[in-house]
Amino acid sequence: MLEMWGLGGLKLNKLSSRVWTEINEDAVFGRAAQLAYYFLLALFPLLLFLMTLLGYFAAAGSQLRDSLIRYLSTVMPGTALQLVQSTLEEVSKARGGGKLSFGILAALWAASNGMGAISETLNIAFDVKERRPWWKVRLVSVGLTISLAVLIVAALVIVLYGGKLADFTAAASGFSNVFAITWKILQWPIALGFLFTTFSMIYYFAPDLRIRKWRWITPGSLTAVILWLLISFALRIYLHFFNSYSATYGSLGALIILMLWFYLTGVAILVGGEVNAEIEKAARSVGKAV
């Protein structure tokens with residue numbers, strides 16, 4: 001852990017220089033465009049899988065679904081979110097109950113394609129060749145997709161019901177309102193922790209690296225989360241003041257904005273992977289066990 005956060009013995013400016021070099025050599029920006037395509041194909045199956053999963057929570061399911069859309073709105077551009085909502089409503093209404101089981105499996109399979117593309121690009125970042133059989137790669141992709149869905153649901157449950165649970169615990173145990181207030185503050189760092197865990201799982205399981213140590217937060221995951229939040233909010237601010245896509249492209253404007261957000265998300269994921277890769281390469285070169 002110390003070796004990883006010691007940046008593999010590299011100074012920050014040296015690490016930044018090596019990461020930038022690898023970003024260009026590995027064609028990260030071009031591969032992010034490839035990821036954006038896979039993300040678009042995987043988005044609606046993943047959301048349908050999530051909606052179906054949330055449906056098992058009975059009365060709470062509708063609240064969780066509304067919360068999912070609401071929290072997507074904090075990072076996703078408004079026009080793109082409207083496209084996602086309208087498409088989900090159309091597909092949900094047209095879906096028959098008899099097709100539910102097959103629909104879940106098909107949605108899960110399609111959603112895992114995006115994770116498979118991430119595995120391929122991270123292998124390039126870490127300079128490793130894929131030696132796993134295709135079925136194992138697919139199994140890892142499906143497992144990561146399910147884990148991502150579970151983490152999203154868990155984060156929503158904590159954010160939506162954490163305050164109510166804190167109020168109940170405080171009243172039942174006789175604690176003061178300080179306990180409830182503290183929990184309402186802590187629920188956001190906890191939800192952010194789920195986000196870090198998601199990125200860490202991707203960087204740990206997706207590439208074909210044999211010997212690695214699990215870390216909850218790595219410099220790469222920290223970089224990816226910060227970069228993703230910054231570019232998402234920057235894009236929202238830009239579109240708020242200079243939203244000319246609809247005027248220029250008409251009904252295609254929402255789709256273009258969604259693809260642009262996916263592209264920037266792909267850049268954040270791959271840059272974080274490059275950061276971790278360069279640190280591990282530097283640590284191995286000086287004989288450290290990362």
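Arginine 132 is buried in this predicted model. Its relative accessible area is 13%, and the cut-off for buried is under 20%. The side chain of arginine 132 meets that of aspartate 208 in a salt bridge, 3.8 Å from N to O. Side chains of opposite charge can pair when their charged atoms come close. Arginine 132 sits in the loop between α6 and α7, and aspartate 208 in the loop between α8 and α9, so the pair ties together parts that are 76 residues apart in sequence.

Stay with aspartate 208. Is this residue buried or exposed? Aspartate 208 has a relative accessible area of 5%, so it counts as buried. A polar atom of its side chain lies 2.7 Å from the backbone nitrogen of arginine 131. Leaving out residues up to four places away in sequence, aspartate 208 touches Asn123, Val128, Lys129, Glu130, Arg131 and Arg132.

Not counting residues up to four places away in sequence, valine 140 touches Arg132 and Phe205. Valine 140 and phenylalanine 205 are 65 residues apart in sequence. In space, their C-alpha atoms are 7.2 Å apart.

Helix α7, residues 134–173, gives the largest share of the patch, three residues. Tryptophan 135 is in this helix.

Now turn to salt bridges in general. How many does a search of the whole structure find? The search finds six. One of them joins the side chains of glutamate 22 and lysine 281, at 3.8 Å from N to O. Glutamate 22 is in helix α2 and lysine 281 in helix α11, 259 residues apart, so this pair links distant parts of the chain. Both glutamate 22 and lysine 281 are buried.

Lysine 281 has another partner. Its side chain meets that of aspartate 127 in a salt bridge of 2.7 Å, N to O. Aspartate 127 lies in the loop between α6 and α7, 154 residues from lysine 281. Salt bridges that share partners join Arg18, Glu22, Asp127, Glu278 and Lys281 into one network.

Why is α11 largely enclosed by the rest of the structure? Because 25 of its 33 residues are buried.

Alanine 277 is in α11. At 0% relative accessibility, alanine 277 counts as buried. Beyond its neighbours within four places in sequence, alanine 277 is in contact with Ala125 and Phe126. Phenylalanine 126 is 151 residues away along the chain, yet the two C-alpha atoms are separated by 5.1 Å.

Threonine 223 is partly exposed, with a relative accessible area of 29%. Residues up to four places away in sequence aside, threonine 223 touches Val271 and Val275. Its C-alpha is 8.9 Å from that of isoleucine 269, a residue 46 places away in sequence.

Notes: Residues numbered from 1 in each chain as written. Predicted model: local features only at pLDDT ≥ 70, side-chain atom pairs only at ≥ 80, totals over all residues. Heavy atoms only, no water. Helix = DSSP H or I, 4+ residues; strand = E, 2+ residues; numbered from the N terminus. Buried < 20%, exposed > 50% of the residue type's maximum accessible area, 1.4 Å probe, protein only. Contact = heavy atoms within 4.5 Å. Polar contact = N/O pair within 3.5 Å; in protein donor to acceptor, adjacent residues only side chain to side chain. Salt bridge = Lys/Arg side-chain N within 4 Å of Asp/Glu carboxyl O.
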